[in-house]
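The entries follow the structure.

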Amino acid sequence: MAVQKRTSKNVLLATALENFYAAAEEMNLDEGLVEVLSRPERAVCVSVPVVMDDGSVRVFEGYRVQHSTVCGPAKGGLRFHPDVNLEECEALGSLMTWKCSLAGIPYGGGKGGIAVDPFELSPREREMMTRTFAARIAPFIGDWTDVPAPDVNTGGPEMVWIMDTISKLRGKLEPGVVTGKPIAYWGSKGRTAATGLGVSTCVLELLKTQKVDPKTATVIVQGFGNVGTYNALFLQEAGAKVVGISDITGGYYCKDGIDIKAAKAFVEAHPKRILDGYTQPGLVRMSGEEILEQECLVLSPCALEGVISEKNADKLKCTYIVEGANGPIRPDGDVILDRRGILVVPDFLANSGGVIGSYFEWVQDLAGFFWTEEEYNNRLVPIMKDNFKRVWDYSQEHSVKMRRAAFLVAIKRVADGLKLKGFFL
Ligand SMILES: NC(=O)c1ccc[n+]([C@@H]2O[C@H](COP(=O)([O-])OP(=O)(O)OC[C@H]3O[C@@H](n4cnc5c(N)ncnc54)[C@H](O)[C@@H]3O)[C@@H](O)[C@H]2O)c1
């Protein structure tokens with residue numbers, strides 16, 4: 001019997017399913033495996049009543065989807081946003097399964113959230129909503145079942161409320177039930193720089209395959225927030241010349257190299273945490289679009305999705321692109337880059353330092369023993385190098401782009417696990 005292909009009116013889910021079926025076909029995956037992996041293991045819908053500050057009651061819709069626990073507990077964020085719905089959680093949960101699989105960590109994939117505009121809520125309403133949501137999904141989450149993390153509009157405070165609620169319900173401390181907690185409360189040192197460190201490790205590994213000495217490499221990094229700043233900093237420390245950076249205020253170019261430490265210190269001291277006003281000898285200001293089009297060996301977009309498309313892919317003057325942001329290249333741009341021979345290291349691989357960092361937090365919570373930042377970084381870099389190598393080798397052996405290779409490698413690990421374990425429960 002042929003596979004009954006699912007589809008959805010939700011664009012994210014329809015795309016996730018389409019991509020999965022295409023990859024499964026390419027890999028010649030058994031029909032049974034395709035049927036199982038194209039569906040989430042569990043999808044939980046809860047209502048979340050909150051007594052508002054004016055005494056009225058509002059009920060929000062909450063979700064937690066566990067796409068797969070084949071490789072370990074489900075792992076993935078919780079977002080608070082008006083657009084959150086079940087299909088979106090299913091789609092993003094499946095992407096987490098592939099991301100954790102590729103990262104080589106013992107996790108499956110999940111996603112969840114509440115359909116709400118959290119900025120409409122007072123701090124008390126926000127806390128009550130988060131705690132009630134945690135209590136209602138409590139039977140389904142836990143350090144060995146499903147470990148949520150921050151996502152859009154959630155962060156340290158929400159993770160602390162969830163951990164505290166679950167701990168009280170279970171009558172014992174449950175630090176490993178969520179990651180992304182503040183360092184002072186069972187979080188981990190090293191997490192802030194983890195994603196940027198992972199991206200820069202991929203850049204350096206790529207240069208190795210191309211036999212390029214990093215000291216001769218020029219780099220432009222788009223976005224000077226969490227990911228971009230640390231990526232640029234680590235690349236500069238490795239000897240590369242970061243000739244351009246940008247943020248919401250535009251592009252900053254210097255042919256002799258930007259002083260990343262100075263720029264980072266400038267942003268940290270700026271009340272709005274932006275580059276506006278930063279200067280150094282030889283610095284040239286330009287627009288955010290122009291900086292992407294300057295000559296460099298490596299361009300690393302670390303800001304927003306969809307910034308490289310058919311509109312500008314022909315104008316880029318780089319040899320390699322390493323994606324720090326999620327989805328910075330649109331499919332129409334990807335086709336042009338491919339035609340031009342510009343090699344792309346996909347987001348899926350390059351920004352996985354974040355989820356590997358969550359795994360490290362969980363490991364420390366389970367052990368009740370905490371690492372130094374140096375220990376954290378020394379464990380992250382070899383994992384990133386190994387993951388890069390697996391994808392690079394696959395792409396070379398099978399003559400496919402790294403983006404395709406990453407997806408196929410990721411699906412294979414889960415499918416192999418499922419084959420070994422079978423379909424019982
Ligand atoms: N933080 C993580 O651990 C992590 C992990 C995986 C993926 N990501 C992805 O990386 C990307 C960046 O995340 P972040 O945590 O660094 O965010 P951030 O908010 O800390 O920084 C974003 C940066 O992008 C800049 N920016 C915004 N619009 C811009 C524009 N039009 N042109 C140039 N710069 C612009 C902002 O000014 C800021 O400097 C996002 O796509 C995110 O999903 C982040």
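Entry 1, ligand shell. I found that α6 (191–209), α7 (226–237) and β7 (241–247) each supply at least two residues of the shell around the ligand. Helices (H or I, at least four residues) and strands (E, at least two) are DSSP runs, numbered from the N terminus. The model is predicted: local features need pLDDT of at least 70, side-chain atom pairs count only at pLDDT 80 or more, and totals for chains, interfaces and linings use all residues. Residues are numbered from 1 along each chain as its sequence is written, and side-chain values use heavy atoms, with hydrogens and water left out.

I counted 18 residues around the ligand (a heavy atom within 4 Å); the closest are T195, N226, V227, I248 and N326. By class I noted seven nonpolar, nine polar and two charged residues in this shell. Ala, Val, Leu, Ile, Met, Phe, Trp, Tyr, Cys and Pro count as nonpolar, Asp, Glu, Lys and Arg as charged, and the others, Gly among them, as polar.

I looked up N326, where a side-chain N or O atom is 3.0 Å from a ligand oxygen atom. For F224, a backbone N or O atom lies 3.1 Å from an oxygen atom of the ligand. The side chain of R191 has an N or O atom 3.2 Å from a ligand oxygen. I also recorded that the ligand taken alone exposes 840 Å², of which the protein buries 68% (Shrake-Rupley method, 1.4 Å probe).

I located V57 in strand β2 (residues 57–68). V57 counts as exposed because its relative accessibility is 53% (exposed means over 50%).

Terms used: Buried means under 20% relative accessible area, exposed over 50%, partly exposed in between (1.4 Å probe, protein chains only). A polar contact is a pair of N or O atoms within 3.5 Å; within protein, one must be able to donate a hydrogen and the other to accept it, and residues adjacent in sequence count only if both atoms are side-chain atoms.
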